[in-house]
Amino acid sequence: MIIDTHTHLYLPEFGDNPQAAVDSAVNAGVTTMILPNVDLITIEPMRALHAQRPDVTRMAMGLHPTEVNENFKTTLDSIIENFNNFKDDYIAIGEIGIDLYWDKTFEQQQMDVFEQQARLAVENNLPIIIHCRDGLDQTLEVLGGLNDIPHGVFHSFGGTIADVEKIRKTGDFYFGINGIVTFKNSKLDQTLDTIGTDRLLIETDAPYLAPVPFRGRCNRSEYIIHTAAHIASKIGLKPEEVHDLTSINAIRLFGNRLINRNN
């Protein structure tokens, strides 16, 4: 069993037939793929792809932090409305969080949107999929200010050992590791022991961040096997053991609906 806990196979990079990308992943051994939403435009293609392959895909609903702008209230209301109208279709709230890498103009708005969506997750007993780039302090500030902190995953984690420790002090979180860990100058290998095999998830974030030997190309969910193999070599396990333990972790976080083919 291999679960890609974060992939955007519905985006334009996969052309007019994204189902082919799903089929390729399944043929490579990927058993389940979680499709997190980005903004209002991505809802329709995400839902369309899931409708084509409900057996191996799952969806999450949320507003990505880089899509937060001066019109965020209207956009967020529409995101929440979609979630409320189709609650049974979603296994998580995401991807949500803080991204100050490109622009800090809407820092406070991002924090407000993140907080509202985190509260939505708590109210519905769902995990959150967190996007955090150059915004860990703000992310932890929002989480720490909640009466109930949702469980979730820091997707595309690229932080340090100190970051892992700060996050684990804040709440019960998992860490999504993708192709970044295979990059030559990445120091993620150093965090794996601190993360621990009980909080480790694997993902692709396709079409972004393809692992070596595909770095620089359009990432695909089937490439997850290369990330898993690299992690296995660093923690002294077989790739199949990494497949299994990360899948168990994913089911623990997202629930049995993740693998129940009737949903």
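**View 1. Helices H3 and H4 side by side in the predicted model.** Here the axes of H3 (residues 72-85) and H4 (residues 107-123) come within 11 Å and cross at roughly 15°. With an angle like that, H3 counts as roughly parallel to H4. The crossing itself is right-handed. On the H3 side, the contact is made by Phe72, Leu76, Ile79, Ile80 and Phe83, while H4 brings in Gln109, Val113, Gln116, Gln117 and Leu120. Sort those residues by type and you get 7 nonpolar, 3 polar and no charged.

**View 2. Arg53 and its polar contact with Asp23.** Arg53 sits in the loop between helix H2 (40-52) and strand S3 (57-61). Its relative accessibility is 13%, so Arg53 counts as buried. The side chains of Arg53 and Asp23 are joined by a polar contact of 2.3 Å. Leaving aside residues up to four places away in sequence, Arg53 touches Gln19, Val22, Asp23 and Val26.

**View 3. The loop between S8 and H8, with Asp205 and Pro207.** Most residues other than glycine have a negative phi, and most peptide bonds are trans. Asp205, not a glycine, has a positive phi of about 60°, and at 8% relative accessibility it counts as buried. In this loop too is Pro207, and the peptide bond from Ala206 to Pro207 is cis, with omega near 15°.

**View 4. A cis peptide bond at Gly94 and Glu95.** Omega for this bond is about 5°. Glu95 belongs to strand S4 (residues 90-99).

**View 5. Ser156 and its positive phi.** Ser156 is found in the loop between strand S6 (152-155) and helix H6 (161-170). Its phi is about 50°, though it's no glycine. Ser156 is buried, at 17% relative accessible area.

Technical notes: Residues numbered from 1 in each chain as written. Predicted model: local features only at pLDDT ≥ 70, side-chain atom pairs only at ≥ 80, totals over all residues. Heavy atoms only, no water. Axes fitted to C-alpha atoms, helices over the stretch in contact; angles between N-to-C directions. Helix = DSSP H or I, 4+ residues; strand = E, 2+ residues; numbered from the N terminus. Parallel < 35°, antiparallel > 145°, perpendicular 65-115°, else oblique. Left-handed = near helix turned anticlockwise from the far one by under 90°. Contact = heavy atoms within 4.5 Å. Nonpolar A, V, L, I, M, F, W, Y, C, P; charged D, E, K, R; others polar. Buried < 20%, exposed > 50% of the residue type's maximum accessible area, 1.4 Å probe, protein only. Polar contact = N/O pair within 3.5 Å; in protein donor to acceptor, adjacent residues only side chain to side chain.
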